[in-house]
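Take a moment with the chain below. We will walk through its charged pairs, its fold and its surface in turn.

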Amino acid sequence: MAPLADPVTSLRFDVTLDGEDLGMFTACEGLSAQIEMDEYQEGGQNDFTYKIPGRLSFSPITLTRAIDGTVGSLAPWFTAYSGTPGGGKTGAITAYDGTGAQVAQWNLADVYPSRWSGPRFGIDGAGVANETLELVHHGFLPAGG
């Protein structure tokens, strides 16, 4: 039996849309898909309810990163993208471990940025100033696609 690989404990995520590098992010949420299940109750069959697969849907992906002098902000990019005609972009989210080695990659079809939010500032906090970018998409593409 092959030895188990060490679990990845520290990740960074590089994001590209149509080859345009949006930079590194420290958190990524929403890499998921769901098939809606329709229930059908057959007359005379009281032991169970049939589950029939329906539509496939994909969750929005939320990316978070700290704002600093080297990264800048995605606010101008997001504003410029607003109202851009044409179809969605092809995107890729690549995960890297603490040593910089690629761990995984998710290729996305028809990607659209749907929300950007900047940091919250207040005199009561000494936290990190983060920005978040939300992307919607229409599915995962095979590797290299």
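Which residue forms a salt bridge with R65? The partner is E131, and the closest N and O atoms lie 2.9 Å apart. Keep in mind that this is a predicted model. R65 sits in strand 6, residues 61–66, while E131 sits in strand 9, residues 130–136. The pair therefore ties together parts of the chain that are 66 residues apart in sequence. Both ends are out of the way: R65 is buried, and E131 is buried too. Buried here means under 20% relative accessible area.

The structure holds three salt bridges. Another joins the side chains of E39 and K51, at 2.7 Å from N to O. E39 belongs to strand 4, and K51 belongs to strand 5, residues 50–58. The two residues are twelve apart, and the pair links distant parts of the chain. What about cover? E39 counts as exposed, because its relative accessibility is 53% and the cut-off for exposed is over 50%. K51 has a relative accessible area of 48%, so it counts as partly exposed.

The side chains of D18 and K89 also meet in a salt bridge, with 3.9 Å from N to O. D18 lies in the loop between strand 1 (12–17) and strand 2 (20–25). K89 lies in strand 7, residues 89–96.

Now step back to the fold. The protein chain has one helix and ten strands. Read along the sequence, the order is β-β-β-β-β-β-α-β-β-β-β. Contacts tell a related story. Take those between residues at least 6 apart in sequence: 61% of them join residues at least 24 apart.

The protein chain has 145 residues, and 23% of them count as buried. Its accessible surface comes to about 9600 Å². Carbon and sulfur atoms account for 53% of that area. Which residues form a nonpolar patch on the surface? They are Y40, F48, Y50 and I52, with about 380 Å² of accessible area together. Y40 is found in strand 4, which covers residues 33–40. E39 of the salt bridge with K51 is in strand 4 as well. Y40 has a relative accessible area of 45%, so it is partly exposed. Patch members need over 30% relative accessible area, and the 45% of Y40 is given above.

Notes:
Residues are numbered from 1 along each chain as its sequence is written. This is a predicted model: local features need pLDDT of at least 70, side-chain atom pairs count only at pLDDT 80 or more; totals for chains, interfaces and linings use all residues. Side-chain values use heavy atoms; hydrogens and water are left out. Patches are made of residues with over 30% relative accessible area and no salt bridge: like charges are joined within 9 Å, nonpolar side chains (Val, Leu, Ile, Met, Phe, Trp, Tyr) within 5 Å. Accessible areas come from the Shrake-Rupley method with a 1.4 Å probe; for residues, only the protein chains shown count as cover. A salt bridge is a side-chain nitrogen of Lys or Arg within 4 Å of a carboxyl oxygen of Asp or Glu. Helices (H or I, at least four residues) and strands (E, at least two) are DSSP runs, numbered from the N terminus. Buried means under 20% relative accessible area, exposed over 50%, partly exposed in between (1.4 Å probe, protein chains only). Contact means heavy atoms within 4.5 Å.
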